[in-house]
Amino acid sequence: MNKETLIKQINKVKPEAIKQGYDYPTNADFTTATTEELQAFFNEIQQYAIEGIIREMEREAEARQ
């Protein structure tokens, strides 16, 4: 992905990652980040969000039993 696409993807995942408790940088400035740094950050917050959603689903499933 190019930098512009990565930034868009990061901004899409950001609300869910924050909802799941991710400590998102307050003053994140992506303009100086390399593509590799952006990709690594995107992978990190995406994984965090996914794991949080899975935890929510597991808790809901346990509550129904």
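Arg55 lies in helix 2; helices here are DSSP runs of H or I with at least four residues, numbered from the N terminus. This is a predicted model, in which local features need pLDDT of at least 70 and side-chain atom pairs count only at pLDDT 80 or more, while totals for chains, interfaces and linings use all residues. Residues are numbered from 1 along each chain as its sequence is written, and side-chain values use heavy atoms, with hydrogens and water left out.

Arg55 is partly exposed, because its relative accessible area is 33% and partly exposed covers the range between buried, under 20%, and exposed, over 50% (1.4 Å probe, protein chains only). Arg55 and Gln20 are 35 residues apart in sequence, yet their C-alpha atoms are 9.4 Å apart in space. Gln20 sits in the loop between helix 1 and helix 2. With a relative accessible area of 12%, Gln20 is buried. Apart from neighbours within four places in sequence, Gln20 is in contact (heavy atoms within 4.5 Å) with Tyr48, Ala49, Gly52, Ile53, Arg55 and Glu56.

Next come the two helices themselves. The axes of helix 1 (residues 3-19) and helix 2 come within 9 Å and cross at roughly 30°; axes are lines fitted to C-alpha atoms, for helices over the stretch in contact, and angles run from 0 to 180 degrees between N-to-C directions. Helix 1 is therefore roughly parallel to helix 2, a label for angles under 35 degrees. Among the residues that meet are Leu6, Ile10 and Val13 in helix 1 and Leu38, Phe42 and Ile45 in helix 2. By class, this contact has 12 nonpolar, 4 polar and 5 charged residues, where Ala, Val, Leu, Ile, Met, Phe, Trp, Tyr, Cys and Pro count as nonpolar, Asp, Glu, Lys and Arg as charged, and the others, Gly among them, as polar.

The largest nonpolar core has 13 residues, and Ile10, Tyr24, Phe41 and Ile45 have the most contacts inside it. Such a core is a set of buried Ala, Val, Leu, Ile, Met, Phe, Trp, Tyr and Cys residues joined through side-chain atoms within 4.5 Å. Helix 1 and helix 2 are the elements that give two or more residues to this core, and helix 2 gives the most, with 5 residues. Tyr24 touches Ile10, Phe41 and Ile45, among others, not counting residues up to four places away in sequence.

Asn43 is also found in helix 2 (residues 35-64). Asn43 is partly exposed, at a relative accessible area of 38%. Its C-alpha lies 8.9 Å from that of Ile10, 33 residues apart in sequence.

Technical notes. Parallel < 35°, antiparallel > 145°, perpendicular 65-115°, else oblique.
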